[in-house]
Every structure is written in structure tokens, then in C-alpha cells.
Amino acid sequence: MAGRLDGLTVAFLAADGVEQVEYVEPRKALEAEGASVHLLSPGTDPIQAMNGDIEPADTFTPDKAVGSVDGADYDALVLPGGTVNPDKLRVDDGAVSFVRDFVASGKPVGAICHGPWTLVEADVVRGRTLTSFPSLTTDIRNAGGHRVDEEVVVDSGLVTSRNPGDLDVFCSTLVDVFAGARRH
């Protein structure tokens with residue numbers, strides 16, 4: 001049976017401190033629908049995932065360093081959360097440039113929990129409505145965006161959710177939005 005995302009290649013961008021469930025569950029949902037997934041990171045050394053930001057979880061080996069790839073090779077992008085992960089990404093010029101260029105391309109992007117911090121750093125939330133972990137409210141507002149407290153928000157191909165409790169709706173919405181983007 002063909003998946004709704006057959007033939008799509010999705011980039012996940014993460015660094016040390018990624019919230020494991022926010023990486024693993026969306027990846028599983030996208031792969032279950034046929035997407036090919038690549039894990040990108042500032043480097044190629046294994047990254048340490050976390051549970052609840054404080055308990056070490058599994059390590060994951062990136063497929064490629066974000067500075068060595070072209071966004072044109074990907075159909076969609078996912079930015080998982082965890083507090084430390086996006087904090088590391090937003091100080092990496094290659095990661096920030098990749099995100100900025102990817103959003104500018106008009107392709108769909110998903111971000112959950114603290115993931116929108118990288119979007120803020122890339123200056124791509126201006127004029128958009130999104131959701132996130134509550135502590136990002138001021139950052140999003142200062143970057144010209146509007147944060148709302150909802151399970152999932154879709155704004156022109158940008159899919160955002162607040163926390164791991166929203167993963168079911170976040171994952172199903174990612175599949176819907178990514179599948180819809182294929183037609184355009």
C-alpha cells in the first residue's frame with residue numbers, strides 16, 4: 001500500500017539536547033507514510049537526546065552536517081524541541097541559514113515545543129501565528145510573530161505545537177500538510 005508521503009525527503013534538524021520523543025514520534029509518523037528522513041545536525045558526531053530535558057536518553061548519529069547540504073534536496077523540514085537543542089542550533093550559522101533559506105523556499109516546516117527558537121533566530125516568524133512552549137512567548141512576540149496557546153497551529157505551511165502532549169495531533173497534521181504540499 002502506497003504511503004501519502006512516498007517519494008518525499010524530510011530533514012530533521014537537531015543537536016545535543018533534543019527531546020527524544022519529539023524527534024522519534026514525528027519521524028515514525030512520517031516514515032510510516034513513506035517519507036525518507038535524514039537527521040541533520042551541526043556536525044556528524046552522535047547527538048545526545050534527552051527525556052524531559054534532564055534525563056539522558058538515546059544517542060542518534062546524524063546522516064549529514066547541516067552545513068554540507070542543500071535545502072533544495074528536501075521537501076519538508078522538522079525542528080524538534082528540547083530546551084538545549086534549539087539553543088545550540090540558534091548559535092550555529094549553518095543551521096540558522098539552512099532554516100532561513102528553507103522557510104523562504106515556501107516548503108513546509110514543522111516545529112514543536114522549543115523548536116521555534118531556531119525560527120526566531122532565523123527571523124522567519126514575523127507576521128506569522130504559531131504556538132510553542134509557553135516560555136517562548138516573548139521571543140516570538142519580539143521577533144514579530146503572534147503566539148497562541150493551541151495544540152497545533154498551521155500558518156502558510158508552518159506547523160507548530162506546544163509540547164510532547166500535543167504529539168498525536170502534531171504528527172497527523174505534519175502528514176496532512178506535507179502531503180498537501182506535494183501537490184503544489
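Colleague: Are Phe 12 and Tyr 23 buried or exposed?

Modeller: This is a predicted model, and in it both Phe 12 and Tyr 23 are buried. The term requires a relative accessible area under 20%.

Colleague: What makes Phe 12 and Tyr 23 an aromatic pair that is edge-to-face?

Modeller: The centres of the two rings, Phe 12 and Tyr 23, are 5.5 Å apart, with 80 degrees between the planes. Phe 12 belongs to strand β1 (residues 9-13) and Tyr 23 to helix α1 (residues 20-32), so the pair ties together parts that are 11 residues apart in sequence. Ring pairs also join Phe 12, Tyr 23 and Phe 60 into a cluster.

Colleague: Why is the pair of Tyr 74 and Phe 98 called edge-to-face?

Modeller: The ring centres of Tyr 74 and Phe 98 are 6.4 Å apart and the planes stand at 80 degrees, so the pair is edge-to-face. The limits are 6.5 Å for the centres and over 60 degrees for the planes. Tyr 74 is in the loop between β5 (64-65) and β6 (76-79), while Phe 98 is in helix α3 (residues 93-104), 24 residues away in the chain. Tyr 74 and Phe 98 are both buried. The structure holds four aromatic pairs.

Colleague: How do you know that the charged end of Arg 90 sits over the ring of Trp 117?

Modeller: The charged end of Arg 90 is 4.2 Å from the centre of the Trp 117 ring. The distance must be within 6 Å, and the charge must also lie within 35 degrees of the ring normal. The description "over the ring" is the one given to Arg 90 and Trp 117.

Colleague: Why is Thr 160 called buried, and why is Val 169 called partly exposed?

Modeller: Thr 160 has a relative accessible area of 0%, which is under 20%, so the residue is buried. Val 169 has 23%, which falls between 20% and 50%, so this residue is partly exposed. Thr 160 is in strand β11 (residues 158-161), whereas Val 169 is in helix α6 (residues 167-182). Among the residues that Thr 160 touches are Glu 151 and Val 152, and Val 169 touches Glu 151 and Val 152 as well.

Colleague: What does the side chain of Thr 160 reach at 2.9 Å?

Modeller: That side chain of Thr 160 reaches the backbone nitrogen of Thr 131.

Colleague: Which residues have the most contacts inside the largest nonpolar core?

Modeller: They are Leu 13, Leu 77, Phe 98 and Leu 119, in a core of 29 residues. Helix α3 gives the most to this core, with six residues. A second, separate core of 28 residues includes Val 37, Ile 47, Phe 60 and Val 152. In soluble globular proteins, nonpolar side chains tend to be buried together.

Colleague: What makes β5 and β10 the edge strands?

Modeller: Each of β5 and β10 (152-155) pairs on one side only. The open sheet has seven strands in the order β5-β2-β1-β6-β7-β11-β10, with mixed pairing. Within the sheet, β6 and β7 pair in the parallel sense over three bridges; at least two are required, so the two strands count as paired. Leu 77 stands opposite Val 109 in β7.

How values were computed
Residues numbered from 1 in each chain as written. Predicted model: local features only at pLDDT ≥ 70, side-chain atom pairs only at ≥ 80, totals over all residues. Heavy atoms only, no water. Helix = DSSP H or I, 4+ residues; strand = E, 2+ residues; numbered from the N terminus. Buried < 20%, exposed > 50% of the residue type's maximum accessible area, 1.4 Å probe, protein only. Polar contact = N/O pair within 3.5 Å; in protein donor to acceptor, adjacent residues only side chain to side chain. Contact = heavy atoms within 4.5 Å. Phe/Tyr/Trp six-rings, centres within 6.5 Å; stacked < 30°, edge-to-face > 60°. Core = buried A, V, L, I, M, F, W, Y, C linked by side-chain atoms within 4.5 Å. Lists of a residue's contacts leave out its neighbours within four places in sequence.
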